[in-house]
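Here is a short report for a first look at a protein. Please view the chain and its fold before reading on.

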Amino acid sequence: MNILLYLHGNINQKEKFYELLNIAGLWKKTLCKSKIFIVMSEKIWKDLKEELKKWDIDKSFLLEKDNDDFPENIFLFLKEILEQEKIDAVFMGNSLFERELAPYTSSKLNLKFIPNVINFEISDSETLWKKFLYGTKAVEERKTENKNLVVTFSSNIYKKDERIKNKKDIETEIIRNELKKELPFEIISSKKKVLQKHPLETARIVIGVGKGIKGKENFPMIEELAEILGATIGATRSVVDNGWRPEYEKIGQTGKIIKPELYLGFGISGAMQHMAGVQQSRHIIMVNSNPNAESFRSSDFGIVADLFEVVPKLIELLKK
């Protein structure tokens, strides 16, 4: 079974790279004659190539440009690699970009799409995949053959270290990924997105903000608290829909599923769609002025208070 790992071009996601490499390493160890191929940006490769030698990678394909391209364009390069190396499965993370690229690749090549995997059991001929349903209230199980697959994995689901003892040089091939003419649209203009210092998918501390914040003019104090804690800011759907925070900060069923060590929520009512995105947090602390807020039902610790009083006091205390 030949596996292609698509490693999205953000150095802040290197821990996710290593987790995907460990998952692929298990496949290679379990299934005879398996090979591991990776696709990543040349820039990230230069930073991580010594570390990547610790995994049993057979070949790497390096995108010459930073890997922040359109999914439709990246697909065209993946398609060439899949055909060239006879790839059986494509493994990806669960970033917003990969959630566009994975189903697009699956539909274009008529491959089985397995999204948001939280666990798996592999055997010689087939794999049992598990994913959450109904806001983490149920788990779907699905068996597939070990071929013709595109799979996206949730974060922190496989902790075993599959690195090898003997380092080896990895064969590399540079891909000159200029924009391809076959794209089904015309690009008029583009703007590079500002990346989060600590991406939500890998952040250890996340500060979640709901509509109780009342407006974007009140976010400077949240940003100051996040800077002190080394935390990442996330938001509910209503906050994003009001234009107070960017789309990539949205947490929930229509946003990102996160698993931080600590989730600290301010002014969040507790809608099921949002809480589904944070329920895998190790510790949840909620602050809300409404003692009957649904968010308290899912929290480990709740504070019934006005966030405009609590946040400044936290900042003052943490600065001491």
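The text below goes from the whole protein to one strand and its partners.

This is a predicted model, in which local features need pLDDT of at least 70, side-chain atom pairs count only at pLDDT 80 or more, and totals for chains, interfaces and linings use all residues. Residues are numbered from 1 along each chain as its sequence is written, and side-chain values use heavy atoms, with hydrogens and water left out.

**Whole protein**

The protein has eight helices and 15 strands. These are DSSP runs, numbered from the N terminus: helices are H or I with at least four residues, strands are E with at least two. The C-alpha atoms fill a box of roughly 60 × 45 × 40 Å along the principal axes. Of the 320 residues, 50% count as buried. Buried means under 20% relative accessible area, with a 1.4 Å probe and protein chains only. Contacts are heavy atoms within 4.5 Å. Among contacts between residues at least 6 apart in sequence, 66% join residues at least 24 apart.

**Strand β1**

Strand β1 covers residues 2-6, and five of its five residues are buried. N2, L4 and Y6 lie on one side. I3 and L5 lie on the other. Both faces are covered.

Which strands pair with β1 in the parallel sense? The table lists β2 and β4. Two strands pair if DSSP finds at least two bridges between them.
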